[in-house]
Amino acid sequence: MTSPLPERIGVTVIGGFLGAGKTTLVNHLIRTSFRRLGVIVNEFGTAGVDGQLIQALTDDVQELTAGCLCCTGREDLLRALVHLAHRAHQDGAPPNHVLIELSGVADPVPVLHTLLDPMVRGVFRLRSLVAVADARFLTRTLADHPEAALQLAYATTVVLNKTDLVPPAALEAAADTVGALNPLARVLHAEHGHVDAPALLDTAGFDADWTPPPVQTRHTPGLKTVTLEADRPLSARGWHDLIGRIAGRPGQVLRVKGHVSLAGQGTRLLLHAVRDVITVDRTEEKQNGRSRVVMIGRDLDAQEERAAFAQAMDAPRALILPRRAAPAGGRGVRR
Ligand SMILES: Nc1nc2c(ncn2[C@@H]2O[C@H](COP(=O)(O)OP(=O)(O)OP(=O)(O)O)[C@@H](O)[C@H]2O)c(=O)[nH]1
């Protein structure tokens, strides 16, 4: 008698532009889906900030930081998938679903091609492609960044996120924009990625014979990533200068994220900036003097950014920040 074929592992691909809320959604799904999730995270920046934020919740995380998955080819993704499947053999408890978080500038189509390869299909089953969209910046993002339209156009589900940051009329307009780009997508509204996990993960968005279209990936011109690192705390004045340099260039600095040690603070801070929406959360990690911040933007001059960051460590003076401790990726204190 032959043993039954093992159930294929479901895969949900999560895309969406820089800072839209992909990691927040992934963390919500890990917390609420009550299933064993494997996670593959691809970041545009070289420092794996997202992986660190997700790692706090699950061990099954594979980080791909060598570049955008749509451009680096399929080997990295295949290796990560094989690793997750193999790990399942090792400890006998396979992930029953895999989430692939794409980088914020990724074209999802090459990734879909890889997942629909007959060899991959034998083990994994592509369930759906989710695009997370920032309701507040949707119009501007679509106007400025060609990859954002692609992410929405191929999605089977669009999570229109950050509904707390827009009035109802603007939310309706954003939903109309999504509907015009992709009338077939299911649109879910969310605050901090709070969607019904089973409803999102169990939906089969692709027919068995669906074939992705041929690819012609287009990226925002001049997009660069700079990693800023320090091994002594930032001064209060330096911190204000850093925030000023981010907030003052919303069209150029598109995304900033990382952990910061600030003089006079007992714990490290988690800094997020999406254009000029900046949040700072205390973490539970002791302040150790070290900071690592990834900055993504157009035509960034790495030398200039690093020089400005180095100055941020001068003139130690304490800064008063809110007392609240927040989990990594949690809701922030908006300036
Ligand atoms: N106000 C508000 N903030 C949110 C919401 N969802 C996410 N954020 C915040 O937006 C910022 C970016 O969220 P992430 O989940 O890191 O976004 P991302 O798409 O993974 O970012 P990248 O990987 O850099 O492209 C963080 O500060 C989040 O806390 C939301 O619904 N409302």
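Helix 1 is largely enclosed by the rest of the structure, because nine of its 11 residues are buried. A residue counts as buried if 20 or more other C-beta atoms, placed from the backbone, lie within 10 Å of its own. The model is predicted: local features need pLDDT of at least 70, side-chain atom pairs count only at pLDDT 80 or more, and totals for chains, interfaces and linings use all residues. Residues are numbered from 1 along each chain as its sequence is written.

Helix 1
- The buried residues of helix 1 are K22, T23, T24, L25, V26, N27, H28, L29 and I30.
- Helices here are DSSP runs (H or I, at least four residues), as are strands (E, at least two), numbered from the N terminus.
- After helix 1 comes F34, with a positive phi near 55 degrees.

Shell around the ligand
- The ligand is surrounded by 24 residues, of which G21, T23, T24, G104 and H272 are the closest; a residue is near the ligand if its C-beta atom, placed from the backbone, lies within 6 Å of it.
- At least two shell residues come from each of helix 1 (22–32), strand 9 (253–260) and strand 10 (267–274).
- Helix 1 gives the most, with three residues.

Domains
- Domain 1 (9–201) and domain 2 (223–334) each contribute at least three residues to the shell around the ligand; these bounds come from an automatic or database domain assignment.
- An unreviewed UniProt entry lists residues 223–313 as "domain: CobW C-terminal", an annotation that may be inferred rather than shown by experiment.
- Residues 223–313 are 24% helix and 46% strand, with end C-alpha atoms 27 Å apart.

Terms used. A residue is buried if 20 or more other C-beta atoms lie within 10 Å of its own, exposed if 12 or fewer, and partly exposed in between; C-beta atoms are placed from the backbone.
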